[in-house]
Each structure stands twice: as C-alpha cells, then as structure tokens.
Amino acid sequence: MDRNELIHVDDLMQGMILGEDIQGKYDLLVLSRGKSLTDQNISVIKAQGLDYVYIKLSSSIENEIEKQYDMLLSELKDLFTGASQITLTLKNHIGDTLKHLLENLTHKTHMLMELKRLKVKDHYTAKHCLNVALLSGLMGQWLELPQEDIEELVLAGALHDIGKAFISQDILNSPRKLKQSEFKEVQNHTTYGYKKLCEIPEIPETVLRVALEHHERVDGSGYPVGKTNEDLHFFSKIISIMDVFDASTTTKIYGARIHPLKALREIDVLKDQGKIDSTLFKYFINNIYKTFVGCTVELSNGLKGEVAFFHKLSPNRPILRIDGKLVNLSHHPTVDIVDIY
C-alpha cells in the first residue's frame, strides 16, 4: 500500500508523485495530488516558498529497499560471525549493493526513519555497520563529494568494525561492565580489522585507514595510538561521527537507545570538548534535522505530534503539529521529547 511522506523541496525529483494538493494565494490550486512531477513543476513548488511537500511513496520501492537492506545485513552478519570471509569478490558485491540501495532511497531526507522502520532482530554489529555506511553515504552527498569518493566512504562505513569478527561474542554481547582486560581486547578490533583488510587485494587505502582510525579523536584522546586532527583521514573523521550517532540511537544488549535529538545534543558535547571535527559536525547537524520533519514525536505529557519544522535558534525544541494546531516546544519548557520515529 502506498503512503505519503513529507519530502524537502531540495530532494524532489522528476517523476515523483505528489501526495497532496498544493495551494497558493487565496487557496487557489497550484498542483493537484497524483501529479507526476516535472522539472517545471518542481520549480513552481519552490516558487511557492514551501520547504516540504507530501510525496506518494510506492510500496514496491520500499519493498526493494527492504530486500536489499536485509540481503546486505545477512552478508555482513556472516562476516562478523565468521561464517564467511572477506574476499575481493564479496567486497565488490557489498559495494555494488550499497550503491544500489542508496540509489533506491530517493526520498533521502527520510532515510534515517527508513532504517528505524526496518526492525530486524539480528546481529547488532552488522546492523550498526550497515547503518553507518548509509549515514556516511548521506553525509557524502550533503558534502557534494565525487561519486567515487562516496562509494569508498560507504564501503569504509560497512567494514569499519570488521575487526570485531575476531573478538569473542561473549565479550561483545556481555550485558555487564567489562573487565579492563576485556575492554582492551574490544579496543583491539581496530588493529585486527586493519590487519585483516590489508590482506585483501584492491581494498582502498581509505577503507584501511577508517578501520584503524574510527575510534581516534581529533584531540588525541582516542585509540589505538592517539592520533590527532592533522594525522586523521577525512573519512575517519566523518565515520567517527556516524559511528557515535548510530550507536547512541540503537538498542544494544548492554544499554538502551536514546532518541536522535538527544543523541545530537550529546555529540555536541563531544564537539565542545574538541573530540570530533567541529566543522563536519556542524555540517552534519545542519542537514540532519530535516530528516525528522514529518516524523511522530512522543512527549512527556503523553501527547503525540508530528514534527512540522525546526527553528535555527532552538533546534532541539521543534514546532509540532498536534491535533491540527502548531505547538512550539520552546514555549513549553516542562514538556520533553520522549521519542521520535
């Protein structure tokens, strides 16, 4: 069954189907629902001063997204459990499938919500790596990187935690606080992954660097060697942000998830501490908010609403649509967001 979703006007593409009528001044009809958009239609929509419009999303497209996502998840799970080994053929297959998956996610502004909607009870590390790969691809598009660079960035995201395949599952899945020796072993996944990927022909140097550096911090406080900003690869700086964001917003054996807006606030603290690249994080946060427009929000007072838009001065207190009325959370300081999806 087809459904409508709010899409940012900058993400509109020729052939998309308008989900609801667009009305201009004096309630005059500008474009009617069901219209297959042309480039001229898109220009007309932008001329109306709109930020978002409803687009009809085909269930067949969503089914294809879910099929490709599940296939990649299964392949990554086999890698992380030792059921298969990383080879050049598998590396190329993963890269090609990731490229197709990103191409199918034409409604890019809702990609995060698509990942959340695909509720799979499966291997945490595999799902985490797949999500980091797709988030990194989105970031690469926002940065307007060359397509070749985006493809390498996505592959690096998919394989950044490959070293965990060499860590005991009992340690990785332990719900208790790890012993110091166990924590050190988990940290070794960066060097394990780097050494393993070095054995595979034609693995790009960028992918090797990310596997080794994604837990390094620009202030030198990370691991395995405490590299600082000037020594870190650009892709490593990107994926370190995506890594923290996805881990924070995903339920784990040893901890509950937090909602995305709260996760962004916590990462902002890391930025203020000088641990992540401030310019990259600013670029990420300025673009990521639009992925939540149209999403459902649960509030601490028991009410639910839909995110209408964000104000630049208070991005963590969005304007919501509740029972047909706009409500600015900034005017209700005692009401907090419990979840967003």
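Predicted model: local features only at pLDDT ≥ 70, side-chain atom pairs only at ≥ 80, totals over all residues.
Residues are numbered from 1 along each chain as its sequence is written, and side-chain values use heavy atoms, with hydrogens and water left out.

Strand E7 covers residues 304-309 and strand E8 covers residues 319-322. Strands and helices are DSSP runs numbered from the N terminus (strands, E, at least two residues; helices, H or I, at least four). E7 and E8 run antiparallel and are joined by 3 bridges. Two strands pair if DSSP finds at least two bridges between them. Both belong to an open sheet of 5 strands, ordered E9-E8-E7-E6-E10, with antiparallel pairing. Strand E9 (325-328) and strand E10 (337-340) are the edge strands, and each pairs on one side only. From one strand to the next, the twist averages 40°. For such angles, axes are lines fitted to C-alpha atoms (for helices, over the stretch in contact), and values run from 0 to 180 degrees between N-to-C directions.

The second largest pocket holds about 610 Å³ of space. On a 1 Å grid over the protein atoms alone, a pocket is an open set of points with protein on both sides within 12 Å along at least five of seven lines; a cavity is a set where a 1.4 Å probe fits but cannot get out; lining residues have an atom within 4 Å of a point. Grid points are joined across faces, edges and corners, and a volume is the space filled by probe spheres set on the points. The lining of this pocket has 22 residues, and Ile285, Asn286, Tyr289, Phe310 and Lys312 lie nearest its centre. Helix H12 (260-272) and helix H13 (278-288) are the elements that give two or more residues to this lining. H13 provides the largest share, 5 residues. By class, the lining has 9 nonpolar, 5 polar and 8 charged residues. Here Ala, Val, Leu, Ile, Met, Phe, Trp, Tyr, Cys and Pro count as nonpolar, Asp, Glu, Lys and Arg as charged, and the others, Gly among them, as polar.

A search of the whole structure finds 1 cavity of 30 Å³ or more. About 50 Å³ of space lies in the largest cavity. Residues that line this cavity include Glu213, Arg217, Leu232, Lys275 and Asp277. H11 gives the most to the lining, with 3 residues. The cavity lining has 3 nonpolar, 2 polar and 6 charged residues.

Threonine 249 lies in the loop between helix H11 (234-248) and H12. Threonine 249 counts as buried because its relative accessibility is 14% (buried means under 20% relative accessible area, exposed over 50%, partly exposed in between, with a 1.4 Å probe and protein chains only). A polar atom of the threonine 249 side chain lies 2.9 Å from the backbone oxygen of phenylalanine 245.

Two further sites involve H9. Tyrosine 194 lies in helix H9 (residues 189-198). Tyrosine 194 has a relative accessible area of 27%, so this residue is partly exposed. Its C-alpha atom is separated by 5.5 Å from that of alanine 211, 17 residues apart along the chain. Proline 204 is placed in the loop between H9 and helix H10 (205-213). Proline 204 counts as buried, at 15% relative accessibility. The C-alpha atoms of proline 204 and leucine 12 are separated by 33 Å, and these residues are 192 apart along the chain.

Terms used
Polar contact = N/O pair within 3.5 Å; in protein donor to acceptor, adjacent residues only side chain to side chain.
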